[in-house]
Amino acid sequence: MIRVITIFLLFIGINSQAQEINWMSMNEALEAQEKEPKKIFMDAYTVWCGPCKMLDKNTFTNDDVIEFVNENYYPVKFNAEGPEEIDFKGQVFKNPQYDPEKKGRNSSHQLARALKITGYPSLVFFDEEAKLLAPIPGYRTPQQLELYLKLFAKDEYKKMTSKEAFAEYQENFEGSFK
């Protein structure tokens, strides 16, 4: 009887676990993209960044965000001040000034500089060939992020030829994320 209860409780525990974004490294995403082309969505964060932690807590735990990101993108978690070595477009990007002893701010990763990331968090979108589409700086709620996730996933950005066109898209966008 105890065995049946244990199995039952284990089954409930497994099924009640929250769904999560299937984060990967940039190297893993680039490798996956070679096998099956898909856009990349990157969360460029730092360990000391308060809004980055809010994004993790409030936005990346939203069921609608999780489902949409996992379905439409290779999601990448990138510490923009971390030591990761990234092979991107035939060039190796590092953080030679990274100091593992430092608490708080560290030196900026070469890839963060190459992508012109100027603030954290930055949400960076790449097309199916890993070409940079846009870095979007700042914290976003699930509803605010939805606009960008769908803009790039559905190739709506290709219709944006001016600031006015984007403003019109933004004004007419009807979100569905809760």
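Me: Leaving aside neighbours within four places in sequence, which residues is Leu115 in contact with?
Reply: Contact means heavy atoms within 4.5 Å. With neighbours within four places in sequence left aside, Leu115 is in contact with Met42, Phe126, Leu132 and Pro135.

Me: What pLDDT do local features need in this predicted model?
Reply: Residues are numbered from 1 along each chain as its sequence is written, and side-chain values use heavy atoms, with hydrogens and water left out. This is a predicted model: totals for chains, interfaces and linings use all residues, side-chain atom pairs count only at pLDDT 80 or more, and local features need pLDDT of at least 70.

Me: Is Leu115 buried or exposed?
Reply: Leu115 lies in the loop between H5 and E5. Helices (H or I, at least four residues) and strands (E, at least two) are DSSP runs, numbered from the N terminus. Buried means under 20% relative accessible area, exposed over 50%, and partly exposed in between (1.4 Å probe, protein chains only). Leu115 has a relative accessible area of 5%, so it is buried.

Me: What distance separates the C-alpha atoms of Leu115 and Ala134?
Reply: Leu115 and Ala134 are 19 residues apart along the chain. Their C-alpha atoms are separated by 8.9 Å.

Me: Is Lys116 buried or exposed?
Reply: Lys116 sits in the loop between H5 and E5. Lys116 is not a glycine, yet its phi is positive, about 60°. Its relative accessibility is 65%, so Lys116 counts as exposed.

Me: Is the peptide bond from Tyr120 to Pro121 cis or trans?
Reply: Pro121 is found in the loop between H5 and E5. The bond from Tyr120 to Pro121 has omega near -5° and is cis.

Me: Which residue in E6 stands opposite Phe126?
Reply: E5 (residues 122-126) and E6 run antiparallel, joined by 5 bridges. Phe126 stands opposite Leu132.

Me: Which residue in E2 is the bridge partner of Met42?
Reply: E1 and E2 run parallel, joined by 7 bridges. E2 is mostly covered, with 6 of its 7 residues buried. The bridge partner of Met42 is Val76.

Me: Is H4 roughly parallel or roughly antiparallel to H6?
Reply: The axes of H4 (residues 63-72) and H6 (residues 142-153) come within 11 Å and cross at roughly 20°. Angles under 35 degrees count as roughly parallel, over 145 as roughly antiparallel, 65 to 115 as roughly perpendicular and the rest as oblique. H4 and H6 are therefore roughly parallel.

Me: How do the residues of the contact of H4 with H6 divide?
Reply: H4 contributes Val65, Phe68, Val69 and Asn72; H6 contributes Pro142, Leu145, Leu149, Lys150 and Ala153. Ala, Val, Leu, Ile, Met, Phe, Trp, Tyr, Cys and Pro count as nonpolar, Asp, Glu, Lys and Arg as charged, and the others, Gly among them, as polar. The contact divides into 7 nonpolar, 1 polar and 1 charged.

Me: Which residues in H7 meet H6?
Reply: H6 and H7 (residues 163-172) pack at about 120°, with axes 11 Å apart. H6 is therefore oblique to H7. From H6 come Leu147, Tyr148, Lys150 and Leu151, and they meet Phe166, Tyr169 and Gln170.

Me: Which residues does Tyr98 touch, not counting those up to four places away in sequence?
Reply: Tyr98 lies in the loop between E4 (91-93) and H5 (110-114). Tyr98 is partly exposed, at 29% relative accessible area. Not counting residues up to four places away in sequence, Tyr98 touches Glu81, Gly82, Pro83, Asn106 and Ser107.

Definitions and conventions. Axes are lines fitted to C-alpha atoms, for helices over the stretch in contact, and angles run from 0 to 180 degrees between N-to-C directions. Two strands pair if DSSP finds at least two bridges between them.
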